[in-house]
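Please consider the following notes on this model while viewing the structure.

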Amino acid sequence: MAIAKAERLMNLALCLLGTRRPLSKRELRESIEAYVEAFGPEQTSPGSDDAFNRMFERDKDDLRELGLVIETVESLDGEIGYLARRDSNRLPPITLDAEEAAALGLAAKVWQQARLAGAASGALQKLRAAGLPEDVDPYEAHSALEPRIPVHEAAFEPLMLACRDRRPVVFDYRKATAARPETRHVEPWALECWRGHWYLAGFDRDRGAERVFRLSRITGKVRSRGARFTAPVPDVVTVRETVESWAGETADRSALIRLRGDAGYPLRAKATAVRELGDGWDELEIPYGHGLDAWLVEFGPDVVVLEPAELRADVVDRLRAVAKG
């Protein structure tokens, strides 16, 4: 169905761009194969006029949302026609200085190890054809900058497309403290990479609130849903700030934990103080903020919370929940 609609919109756009005079609804209905197959010529299927009019208006609105400038013209005899003038739908020439070209090339280079490598290379080739300076080589082997954004999660591409198209999705998600994944119905807003992990921010329909999901915890396929968003999309989606808060990055308190000597290296990187206890254990002082209990649970028996008492109780509750399944 999506392919059929895209083909119909493309044919409508070509008709409107290819004509030198306004075309009426009747002429468009008889010229576009998808309309003929669905409704037949106007003179043979008068009862389908309302259905055709609704589809045509939706198609016209969709093309305008995509950026096509469609003019509505009334003839001397009062008939309404439509056309898309080429001069109104032509982009201005692209002019880039050396700094701007280098920035775009660097952005394309970022994705060379990701699933977007083909799209990035294609976009760069189009920029070359549009006037990108030939002396700028974004793939220069001796560049001082070697940016990379690793994308290993299969959920990345379908979620990226869902964010772009504003389509709700359904996926199975396993929380750090859960033994089994749960089905989540989400309206995706934005994707962001933080400390080597990709996160999705969106509206969780089941919980009626904003949530952030780590892509590596999504199991199975991401399924799209055709319905529209039910919650407004915020102007600014703060994925990184939310994850930082949940991970204790914005904490103003400290927690004291015991950690096995050969484990928990991410915790050691965050520690503000480390003291060897002997017998294979160390004592660490780490920042304490919202979500620290969920993170500590991931280390299982390698971590023992000493203080504060409420953090210890939260970790114990989460471990019991995991044990119960």
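1. Y173 is buried, having a relative accessible area of 7%, and F213 is likewise buried at 1%. Here, buried means under 20% relative accessible area, with a 1.4 Å probe and protein chains only. The model is predicted: local features need pLDDT of at least 70, side-chain atom pairs count only at pLDDT 80 or more, and totals for chains, interfaces and linings use all residues. Residues are numbered from 1 along each chain as its sequence is written, and side-chain values use heavy atoms, leaving out hydrogens and water.

2. Y173 and F213 form an edge-to-face aromatic pair, with 5.1 Å centre to centre and 80° between the planes. Rings of Phe, Tyr and Trp (its six-membered ring) pair if their centres lie within 6.5 Å, and planes over 60 degrees apart count as edge-to-face. Y173 belongs to strand β3 and F213 to strand β6, 40 residues apart. Strands are DSSP runs (E, at least two residues), numbered from the N terminus.

3. Which order do the strands of the open sheet follow? The order of the five strands is β6-β5-β4-β3-β7, with antiparallel pairing. Two strands pair if DSSP finds at least two bridges between them. The edge strands, β6 (209-214) and β7 (218-224), each pair on one side only.

4. Strand β3 (residues 169-173) is joined to the antiparallel strand β4 (residues 182-194) by five bridges. V170 stands opposite H185 in β4.

5. Elsewhere, ring pairs connect Y35, F39, F52, F56 and Y82 in a cluster.

Methods: Helix = DSSP H or I, 4+ residues; strand = E, 2+ residues; numbered from the N terminus. Phe/Tyr/Trp six-rings, centres within 6.5 Å; stacked < 30°, edge-to-face > 60°. Buried < 20%, exposed > 50% of the residue type's maximum accessible area, 1.4 Å probe, protein only.
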